[in-house]
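Please look over the sequence and the model, then read the notes below.

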Amino acid sequence: MFINNFRRKPIQTTSQWQEIFLYFHLNPIKHEFATSVNDWKWSGWHAYKYLEKKSLLERTYFMNFFDGIFHINDMMEVKREILLNKNLEIE
């Protein structure tokens with residue numbers, strides 16, 4: 001039995017690419033497996049964070065969508081805080 005494709009859509013803008021990149025790396029936090037991307041040892045984030053180290057990942061392409069590693073870290077921290085605080089909101 002084959003399953004129909006999920007709602008796949010092409011990434012067409014820089015902001016969409018940034019959101020996908022952040023979503024992918026923050027998914028362990030969203031599902032409460034970790035509280036920091038640095039704590040999730042299976043994450044590819046470690047290869048992006050340490051660009052000077054060898055990796056099997058193609059890491060240069062992603063920099064076209066951010067204004068440097070500091071920009072990525074800032075965006076990652078903002079999204080992380082949103083995910084961690086989502087359960088603290090008053091309903």
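Is histidine 25 buried or exposed? Histidine 25 counts as buried, because its relative accessibility is 4% and the cut-off for buried is under 20%. The model is predicted, and the notes below cover two residues and then the confidence scores.

**Histidine 25**
- Helix 1, which spans residues 14-30, contains histidine 25.
- At 2.9 Å from the side chain of histidine 25 is the backbone oxygen of phenylalanine 21.
- With neighbours within four places in sequence left aside, the contacts of histidine 25 are Val37, Ser43, Gly44, Trp45, Tyr48 and Met76.

**Arginine 80**
- Arginine 80 belongs to helix 3, made up of residues 69-85.
- The relative accessible area of arginine 80 is 18%, so this residue is buried too under the cut-off of 20%.
- A polar atom of the arginine 80 side chain lies 2.6 Å from the backbone oxygen of threonine 35.
- Thr35 is also among the contacts of arginine 80 when neighbours within four places in sequence are left aside; the others are Leu26, Ile29 and Ser36.

**Confidence**
- The average pLDDT of the protein is 84, and 90% of the residues score at least 70.
- Among the elements of the protein, helix 1 has the highest mean pLDDT, at 91, and helix 2 (residues 45-49) has the lowest, at 85.
- Where pLDDT is low, the predicted coordinates should not be read in detail.

Technical notes:
Residues are numbered from 1 along each chain as its sequence is written. This is a predicted model: local features need pLDDT of at least 70, side-chain atom pairs count only at pLDDT 80 or more; totals for chains, interfaces and linings use all residues. Side-chain values use heavy atoms; hydrogens and water are left out. Helices (H or I, at least four residues) and strands (E, at least two) are DSSP runs, numbered from the N terminus. Buried means under 20% relative accessible area, exposed over 50%, partly exposed in between (1.4 Å probe, protein chains only). A polar contact is a pair of N or O atoms within 3.5 Å; within protein, one must be able to donate a hydrogen and the other to accept it, and residues adjacent in sequence count only if both atoms are side-chain atoms. Contact means heavy atoms within 4.5 Å. pLDDT is the predictor's confidence in each residue, from 0 to 100.
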